[in-house]
Amino acid sequence: MEDLLQQTLDSAATESALVPSNSADGMVFLLIAALGLLMALVYVPIRLFLTLTARSRRLRLLQRIRKLREDLAQPLAPES
């Protein structure tokens, strides 16, 4: 089993050494990596902003509901 694994690794190493590396492959990788980084730099602030605004809206709504429940729990003032 180990011999087979070693032969496979050796043949993969010799095949990769025989094939000349293409600088275009490196440029494609760098381009895709740069685009991914740019997307992350745009996505993270937008996601943070949307999350924070949604939480603040939710908090305001919960506070309003609590206030309404407190108002409903108090008895009505008698009319004089």
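Of the 80 residues in the chain, 0% are buried (under 20% relative accessible area; exposed means over 50%, and partly exposed in between, with a 1.4 Å probe and protein chains only). The model is predicted, so local features need pLDDT of at least 70 and side-chain atom pairs count only at pLDDT 80 or more, while totals for chains, interfaces and linings use all residues. Residues are numbered from 1 along each chain as its sequence is written, and side-chain values use heavy atoms, leaving out hydrogens and water.

The chain holds two helices and zero strands, both being DSSP runs numbered from the N terminus (helices: H or I, at least four residues; strands: E, at least two).

## The annotated segment and its nonpolar patch

An unreviewed UniProt entry lists residues 28-50 as "transmembrane region"; such annotations may be inferred rather than shown by experiment. Over residues 28-50 the chain is 100% helix and 0% strand, with the end C-alpha atoms 33 Å apart.

L31, L35, L38, V42, I46, F49 and L50 make a nonpolar surface patch of about 670 Å². Patch members have over 30% relative accessible area and no salt bridge; nonpolar side chains (Val, Leu, Ile, Met, Phe, Trp, Tyr) are joined within 5 Å and like charges within 9 Å. L50 lies in helix α2, which spans residues 23-73, and counts as partly exposed at 39% relative accessibility.

## Charged groups

A surface patch of positive charge gathers R55, R57, R58 and R60. Lys and Arg count as positive and Asp and Glu as negative, with His and the chain ends not counted; the charge is placed at NZ of Lys, CZ of Arg, CG of Asp or CD of Glu. R57 is found in helix α2.

One salt bridge is counted (a side-chain nitrogen of Lys or Arg within 4 Å of a carboxyl oxygen of Asp or Glu). It joins the side chains of K67 and D71, at 3.3 Å from N to O. Both residues lie in helix α2, four residues apart, about one turn of the helix. K67 is exposed, with a relative accessible area of 51%, whereas D71 is partly exposed at 40%.

How values were computed: Accessible areas come from the Shrake-Rupley method with a 1.4 Å probe; for residues, only the protein chains shown count as cover.
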